[in-house]
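Good morning, and thank you for coming.

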Amino acid sequence: MTSRDTRKSFFLEDMGCQMNRVDSELVAGRMQGAGYVRVESPHEADVVLYYTCSVREHAEDKVFGRLGRLKRLKEERPGARIGIMGCMAQSQKDRIFKRAPHVDLVVGTSRFEDVAELVEEASEGRRILAVEDGVELSYDRDITARTRKHAAFVTVMRGCNKFCSFCIVPFTQGRERSRTADGVLDEVKRLRDDGVVEITLLGQRIDTYGLDLDDGSTLHKLLVRIHEEVPGLLRIGFVTSHPNHMTTELARTIADYPRINRYLHLPVQSGSDRVLRRMNRGYSRDEYLRAVERLRTHVPDLALATDWIVGFPGETEADFLESVSLLREIDYQGSFVFKYSPRPGTRAEDFPDDVPREEKERRNHVILEMQRHMTGARYRKLEGGVANVLVEGRSKTDDDKWTGRDRWNRIVHFPMGGDPTGTLVDVALTGSTNTYLFGTPVV
Ligand code: SF4
């Protein structure tokens, strides 16, 4: 913003999952549409917004930390407006005003589209609490208000019907509601026309996409339509999957359509049946293994990543070792590990949080170390081959290199003249680490 710019400004930070990132882009679009200009620091802004996450305690602590620091700002500039949006606004509405009385707006997951109007209402000196349930979202999005030029997330459904005992999402996001396939296609085409070459479809349990629509829509049909009707796209991905809905048709679609990523994020959370039952995940270890087997029958080179929760209430050493053995058996490409922390309002909140913090830390470390070695071993086998890489931009650690991913979501670094961002480059792989591959472009 220039010093002569008289428009009001806003600062927006998003936390949490990719769906939050899309929703925060939608919020940015609404604010810009209402004449606000975005700035990089809360200290220069007339309106400070946090798009929050409730999935982990750590994310909430971060927000309260940020709010603590803004107290001074509010004392110095009482006219500034501070807003909390998203999942935490939905689940902690009363606590936020109590703990941080300098907050002006609390806007839940179903009202974020109205952000500009709500900010105006708050500007008249009123405190705003907008967390009503049952307001249907339009998904209408200013596609230019996004953070990445060549890649975009597209939300295809909201909510979750699963009620895993540790998870707050069904309470903050409500039940599953799918968007129409035509609506998704329209947004994808507009993004493609604006320069996007890679899209990732988003849903909490994306494999159930369309089941609530009663028009025969399914995830695999949606993927095929995008593949066939939007030819300019180079890569199509989707997250997050749930093992109970891995259909043969979906596996065949991944196998048959070359621009669909051969990578699935398929959270398992635990390898112990006892823990899985208490988590209410809806599958046993054996059922999970069979889902993976079905997928690999059709897509033998499918790359799988997963989530683990360590230290879930009642998780014994024997339960944990079941997770360790499943990690080995499946041979994942990547693992995300979370140390359990109880979320207010979930069923697991009533279970005693009985695994000591140091033990959670140790289990976390064990899985991460094993995964690092397994990923490293996988990557070493690829040396000497060629990766077809969609370039994302400059490497963050080495200015002389470019970075991108292949269809299996593997990170590849390489040097090259010009700016290949947004294009596909064949890279001859000369080496690897436990987290990425590197090489030189094939000439
Ligand atoms: S499937 Fe389970 S973990 Fe995933 S969003 Fe739904 S309730 Fe949460």
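Let me begin with a term: two residues are in contact when they have heavy atoms within 4.5 Å of each other. Please also keep in mind that the model on the screen is predicted.

With that term in place, which residues does arginine 274 touch, if those up to four places away in sequence are not counted? They are Gly314, Glu315, Thr316 and Asp319. Arginine 274 itself belongs to helix α10. Its relative accessibility is 38%, and it therefore counts as partly exposed, since that class lies between the limits of 20% and 50%. Arginine 274 can also be placed against arginine 285: the two are 11 residues apart in sequence, and their C-alpha atoms are 9.6 Å apart in space.

Asparagine 280 is partly exposed, with a relative accessible area of 27%.

Is aspartate 214 buried or exposed? It is exposed, because its relative accessible area is 75%, and the exposed class begins over 50%.

One further backbone feature deserves mention. Valine 239 and threonine 240 are joined by a cis peptide bond, with omega at about 0°. Threonine 240 lies in the loop between β11 (235–239) and α9 (248–256).

I turn now to helix α5, residues 115–123, where Val115, Ala116, Leu118, Val119 and Ala122 are buried. How are these buried residues arranged around the axis of α5? Viewed down that axis, they fall within an arc of 165°, so they line one face of the helix. The elements covering the buried residues of α5 include α1 (18–33) and the strands β3 (47–52), β4 (81–86), β5 (105–107) and β6 (128–130).

Following α5 comes glycine 125, with a positive phi near 85°. Arginine 126 is located in the loop that connects α5 to β6. Its relative accessible area is 46%, so arginine 126 is partly exposed. Apart from neighbours within four places in sequence, arginine 126 contacts Asp104 and Glu121. Leucine 105 is 21 residues away from arginine 126 along the chain, and their C-alpha atoms are separated by 8.7 Å.

The last part of this talk concerns pairs of helices. Two packed helices are described by the angle between their axes and the distance between the axes.

The crossing of α7 past α8 is right-handed. On the α7 side the contact is made by Ala181, Asp182, Val184, Leu185, Val188 and Lys189, and on the α8 side by Leu222, Arg225, Ile226 and Glu229. By class, this contact has 6 nonpolar and 4 charged residues, with no polar ones.

Next come α11 and α12, which pack at about 10° with their axes 12 Å apart. These two helices are therefore roughly parallel to each other. Here Arg285, Tyr288, Leu289, Val292 and Arg296 of α11 meet Glu322, Ser325, Leu326, Glu329 and Ile330 of α12. The contact of α11 with α12 comprises 5 nonpolar, 1 polar and 4 charged residues.

Helix α12, residues 317–330, also packs with α13, residues 357–382: the axes come within 11 Å and cross at roughly 15°. That angle makes α12 roughly parallel to α13. Their crossing is right-handed. From α12, the contact involves Glu317, Phe320, Val324, Leu327 and Arg328. From α13, it involves Glu359, Arg362, Arg363, Val366, Ile367, Met370, Gln371 and Met374. These residues divide into 7 nonpolar, 1 polar and 5 charged.

Thank you for your attention.

Note on methods: Residues are numbered from 1 along each chain as its sequence is written. This is a predicted model: local features need pLDDT of at least 70, side-chain atom pairs count only at pLDDT 80 or more; totals for chains, interfaces and linings use all residues. Side-chain values use heavy atoms; hydrogens and water are left out. Axes are lines fitted to C-alpha atoms, for helices over the stretch in contact, and angles run from 0 to 180 degrees between N-to-C directions. Helices (H or I, at least four residues) and strands (E, at least two) are DSSP runs, numbered from the N terminus. Angles under 35 degrees count as roughly parallel, over 145 as roughly antiparallel, 65 to 115 as roughly perpendicular and the rest as oblique. A crossing is left-handed if the near helix is turned anticlockwise from the far one by less than a right angle, and right-handed if clockwise. Ala, Val, Leu, Ile, Met, Phe, Trp, Tyr, Cys and Pro count as nonpolar, Asp, Glu, Lys and Arg as charged, and the others, Gly among them, as polar. Buried means under 20% relative accessible area, exposed over 50%, partly exposed in between (1.4 Å probe, protein chains only). The arc is that of the directions from the helix axis to the C-beta atoms.
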